Amino acid sequence: MNELLAKTSIPTPIGLIRMNSARPTVYCQICYENVDERDVFTGRCGHQFCNDCITSHITYLVTEARTDVYCPFHMQGECNFTIMDHELVNMITPEVYDKYQRFKKMNTDPNHRDCPSCGEMNLGDPEHPKMTCSECGEGFCFFHANAHGPDESCWLYTQKMRFTNFNEFQSSLK
């Protein structure tokens, strides 16, 4: 009995940790931990990652405005498989998925802009930078969002910023 216990347990400073051979584990190729196979994402490429690591990887890519969500091994040039939208929706929070969809829409048409007041996505025109939100009616600038008032031109705003930055620069030299 003690021999069987020794083979199925790991001694630690706290005591014995029993090894449960009934649950298969998978080796996560990001954190290098063995995790329960029920908590693993297997890409179409065959690479396997624990759900926590793949979720962190995707969330990082989305916060960097990336919409080309590849297998983590793509960064090393080893894999070209993408993670599909229907897979993403179940792997990240609804907020991150909404952000991903917004970035994807913006990448499709670079004239989309988020309203700085309510966050609604609006289609703009760089030739006519004054925009009015279709949701809340707020006015904002295609290029500068709400950095300047709706009646101030982009040119005037840019000149004021150059002047302000120049004055701050000169003050810092004193």
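**Notebook: salt bridges, cores and a histidine**

**Entry 1: Arginine 38 and its partners**

I began with arginine 38, which is exposed, with a relative accessible area of 55%. This is a predicted model, so I am reading computed values throughout. Which residue does the side chain of arginine 38 meet in a salt bridge? I found aspartate 36, with 2.8 Å from N to O. Is aspartate 36 buried or exposed? Aspartate 36 is buried, because its relative accessible area is 16% and the cut-off for buried is under 20%. I then saw that the pair belongs to a network of salt bridges linking Arg23, Asp36 and Arg38.

**Entry 2: Two further salt bridges**

One joins the side chains of aspartate 114 and arginine 102, at 3.2 Å from N to O. I checked where the two residues sit: aspartate 114 is in strand 7 (residues 112-114) and arginine 102 is in helix 4, so the pair links distant parts of the chain, 12 residues apart. Aspartate 114 counts as partly exposed at 26% relative accessibility, and arginine 102 is also put in the partly exposed class, at 30%.

The other is formed by glutamate 152 and lysine 160, whose closest N and O atoms are 2.7 Å apart. Here I wrote down a buried glutamate 152, with a relative accessible area of 16%, and a partly exposed lysine 160, at 42% relative accessibility.

**Entry 3: The whole protein**

I stepped back to look at the overall numbers. The protein has 5 helices and 10 strands. Of its 174 residues, 26% are buried. It exposes about 12,200 Å², and carbon and sulfur atoms supply 53% of that area. I also looked at contacts between residues at least 6 apart in sequence: 24% of them join residues at least 24 apart.

**Entry 4: The nonpolar cores**

Next I went to the largest nonpolar core, which has 24 residues. Which members touch the most other members? They are Phe49, Ile54, Ile58, Val69, Ile83 and Leu88. The elements giving two or more residues to this core are strand 5 (40-42), strand 6 (48-50), helix 2 (51-63) and helix 4 (94-108). Helix 2 gives the largest share, 5 residues.

What is isoleucine 83 in contact with, leaving aside neighbours within four places in sequence? My list reads Phe41, Ile54, Ile58, Val69, Tyr70, Cys71, Leu88 and Met91.

There is also a second, separate core of 5 residues, and I found Cys115, Met131, Cys133 and Phe142 among them.

**Entry 5: Histidine 144**

I finished with a loop residue. Where does histidine 144 lie? I found histidine 144 in the loop between strand 10 (139-141) and helix 5 (154-173). Histidine 144 counts as partly exposed, at 23% relative accessibility. This value does not fall under 20%, which is why I did not write "buried" here.

Not counting residues up to four places away in sequence, histidine 144 touches Cys154, Tyr157 and Thr158. The side chain of histidine 144 is also joined to that of histidine 148 by a polar contact of 3.3 Å. Last, I looked up proline 116, which is 28 residues from histidine 144 along the chain; their C-alpha atoms are separated by 9.9 Å.

Terms used:
Residues numbered from 1 in each chain as written. Predicted model: local features only at pLDDT ≥ 70, side-chain atom pairs only at ≥ 80, totals over all residues. Heavy atoms only, no water. Core = buried A, V, L, I, M, F, W, Y, C linked by side-chain atoms within 4.5 Å. Buried < 20%, exposed > 50% of the residue type's maximum accessible area, 1.4 Å probe, protein only. Helix = DSSP H or I, 4+ residues; strand = E, 2+ residues; numbered from the N terminus. Contact = heavy atoms within 4.5 Å. Areas by Shrake-Rupley, 256 points an atom, 1.4 Å probe, with all protein chains shown as cover. Salt bridge = Lys/Arg side-chain N within 4 Å of Asp/Glu carboxyl O. Polar contact = N/O pair within 3.5 Å; in protein donor to acceptor, adjacent residues only side chain to side chain.
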